[in-house]
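Let's take a walk through a protein structure together. Please have a look at the sequence and the 3D picture before reading on.

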Amino acid sequence: MKQVNINNLQIEVYQKEDNIPDTCTTFITQTKPIAKSVLESVFGEPTKDKLSKDKEIHYTWVISVNEKLFELHDWKSGECDDNEPIAWSVRSIDASETLQNEFIKTLNILSIYK
């Protein structure tokens, strides 16, 4: 796992070679538009980069924030250019509302970068 520290959040990003937990999650919200290249510079390559069975997700990062599981992906955005900012869907099942809001706020900081 790749460890990242942003805004005092303990963020661990699952890599393709890691034992990736099953991520049965529920939708929270979408981020401000962020380029895929910016997310890759912070989190590394997507944990999953194959088209989902329903053909609605191309890229997914599975992320642990303060030991709570999140998913960040491009739901229904279609394939995007690496430098094209898009809104990313954020999902979690067991994170508190406070932690969810803090993680979204942290992600939205990345929207200013190109």
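The paragraphs below go from the sheet to a helix, and then to some side chains.

This is a predicted model, in which local features need pLDDT of at least 70 and side-chain atom pairs count only at pLDDT 80 or more, while totals for chains, interfaces and linings use all residues. Residues are numbered from 1 along each chain as its sequence is written, and side-chain values use heavy atoms, with hydrogens and water left out.

Let's begin with the sheet. Helices (H or I, at least four residues) and strands (E, at least two) are DSSP runs, numbered from the N terminus. Two strands pair if DSSP finds at least two bridges between them. Here, 6 strands make up an open sheet with antiparallel pairing, in the order β1-β2-β5-β6-β8-β3. Its edge strands are β1 and β3 (26-30), each of which pairs on one side only. On average, neighbouring strands of this sheet are turned by 30° against each other, direction ignored.

Now look at individual strands. Strand β1 (residues 2-6) runs antiparallel to strand β2 (residues 9-13), and 5 bridges join them. Lys 2, for example, has Val 13 in β2 as its bridge partner. These two strands form a hairpin with 2 residues between them, and Asn 7 in the turn has a positive phi of about 50°. Elsewhere in the sheet, β6 and strand β8 (residues 89-92) are antiparallel and joined by 4 bridges. There, Phe 70 has Ser 92 in β8 as its bridge partner.

Where does helix α1 pack? It lies on the sheet, touching β1, β2, β5 and β6, and its direction makes about 105° with that of β1. Such angles run from 0 to 180 degrees between N-to-C directions, with axes fitted to C-alpha atoms, for helices over the stretch in contact. A residue is called buried under 20% relative accessible area, exposed over 50%, and partly exposed in between (1.4 Å probe, protein chains only). In helix α1 (residues 36-43), 6 of the 8 residues are buried, so the helix is largely enclosed by the rest of the structure. Among those buried residues are Val 38, Leu 39 and Phe 43. Their cover includes β4 (34-35) and α2 (97-109) as well as β1, β2, β5 (60-65) and β6 (68-73). Gly 44 follows α1 and has a positive phi, near 90°.

Next come the aromatic rings. Rings of Phe, Tyr and Trp (its six-membered ring) pair if their centres lie within 6.5 Å; planes under 30 degrees apart count as stacked, over 60 as edge-to-face and the rest as tilted. The structure holds 2 aromatic pairs. In one of them, the ring centres of Trp 61 and Trp 88 are 5.5 Å apart and the planes are at 75°, so this pair is edge-to-face. It links distant parts of the chain, with Trp 61 in strand β5 and Trp 88 in the loop between β7 (85-86) and β8, 27 residues apart. Trp 61 counts as buried at 0% relative accessibility. Phe 70 and Phe 103 form a tilted pair, 4.6 Å centre to centre with 45° between the planes. Phe 70 belongs to strand β6 and Phe 103 to helix α2, 33 residues apart.

Finally, visit Thr 31, in the loop between β3 and β4. Is Thr 31 buried or exposed? Its relative accessibility is 6%, so Thr 31 counts as buried.

Notes:
Contact = heavy atoms within 4.5 Å.
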